[in-house]
There are 2 protein chains.
Amino acid sequence: MIKLTVLYAQPKDAAAFERYYIDIHTPIALKVKGLRRFEISKIAATADGSPSRYYRTADLYFDDMAAMQKALGSPEGRAAAADIANFASGGATMLICESQVLSSI
Amino acid sequence: MIKLTVLYAQPKDAAAFERYYIDIHTPIALKVKGLRRFEISKIAATADGSPSRYYRTADLYFDDMAAMQKALGSPEGRAAAADIANFASGGATMLICESQVLSSI
């Protein structure tokens, strides 16, 4: 399973990020074909109480690397990627991961 | 749903990290009670081809914040947290996240 993890750094204006992200960006991202699971996460704290470099994370799952590449190269994938610049004022890092679920109950 | 995301920075010796992580650490982490989903991810690349600050990520899911706190405070949770120092030579960042699955097919 291939997972694209997006790490959104702290934005300049969290309220503006939040509105755009929920109302506009996630509906655009949900149009990407081949997306098997789309999970969005808001960081509440770090475990040691230190400030978090990141504000939100998102995880987009695909069957395999070919499916991810096809999805990201599609018009819907390009639209979702291009939209990131419209709200991620702190920047975004995208990690391409090989993932395994070891337990799920 | 509460997710604890662990970002493992690039270790000094990736092969040693990998052996310890798979053979010793994940079995310790799997003993944590209240863990609903445990996903491990190896970073293959970044989307833009830049070097990745992180080597691996792990995602530990719990029903809610109270369940996560209970799990991390248990002997099994403390053992798993204490074990991180035995292999994460590049350090580890732990993010406590409020997560939502928007699509799963």
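Here are a few notes on the cavity and the aromatic contacts in this predicted model.

1. Start with the cavity. The count is one cavity of 30 Å³ or more, and the largest cavity holds about 40 Å³ of space. Residues from both chains line it: K3(A), T5(A), T57(A) and D59(A) on one side of the list, with K3(B), T5(B), L7(B), T57(B) and D59(B) from chain B.

2. As for where that lining comes from, β1 (2-9) and β3 (54-62) of chain A and β1 (2-9) and β3 (54-62) of chain B each give at least two residues. β1(B) has the largest share, with three residues. By class, the lining of the largest cavity splits into four charged, four polar and one nonpolar.

3. Now the rings. Over all chains there are 17 aromatic pairs. One to look at is Y8(A) with F17(A): the ring centres are 5.4 Å apart and the planes sit at 80°, so this pair is edge-to-face. Y8(A) is buried at 1% relative accessibility, and F17(A) is buried too, with a relative accessible area of 1%.

4. Y21(A) and F87(A) make a tilted pair, because their planes are at 50° with the centres 5.6 Å apart. Y21(A) is in helix α1 (residues 14-29) and F87(A) in the loop between α3 (75-83) and β4 (92-104) of chain A, so the contact ties together parts 66 residues apart in sequence. Y21(A) is buried at 0% relative accessibility; F87(A) is buried at 6%.

5. Finally, check the arginines. R37(A) lies over the face of Y61(A), 5.5 Å from the ring centre, and the charged end of R37(B) sits over the ring of Y61(B), 5.5 Å from its centre.

Key: Residues numbered from 1 in each chain as written. Chains lettered and ligands numbered in written order. Predicted model: local features only at pLDDT ≥ 70, side-chain atom pairs only at ≥ 80, totals over all residues. Heavy atoms only, no water. 1 Å grid on protein atoms, 1.4 Å probe; cavity = no way out; pocket = protein on both sides within 12 Å on 5 of 7 lines; lining within 4 Å. Points joined across faces, edges and corners; volume = space filled by probe spheres on them. Helix = DSSP H or I, 4+ residues; strand = E, 2+ residues; numbered from the N terminus. Nonpolar A, V, L, I, M, F, W, Y, C, P; charged D, E, K, R; others polar. Phe/Tyr/Trp six-rings, centres within 6.5 Å; stacked < 30°, edge-to-face > 60°. Buried < 20%, exposed > 50% of the residue type's maximum accessible area, 1.4 Å probe, protein only. Lys NZ or Arg CZ within 6 Å of the ring centre and 35° of its normal.
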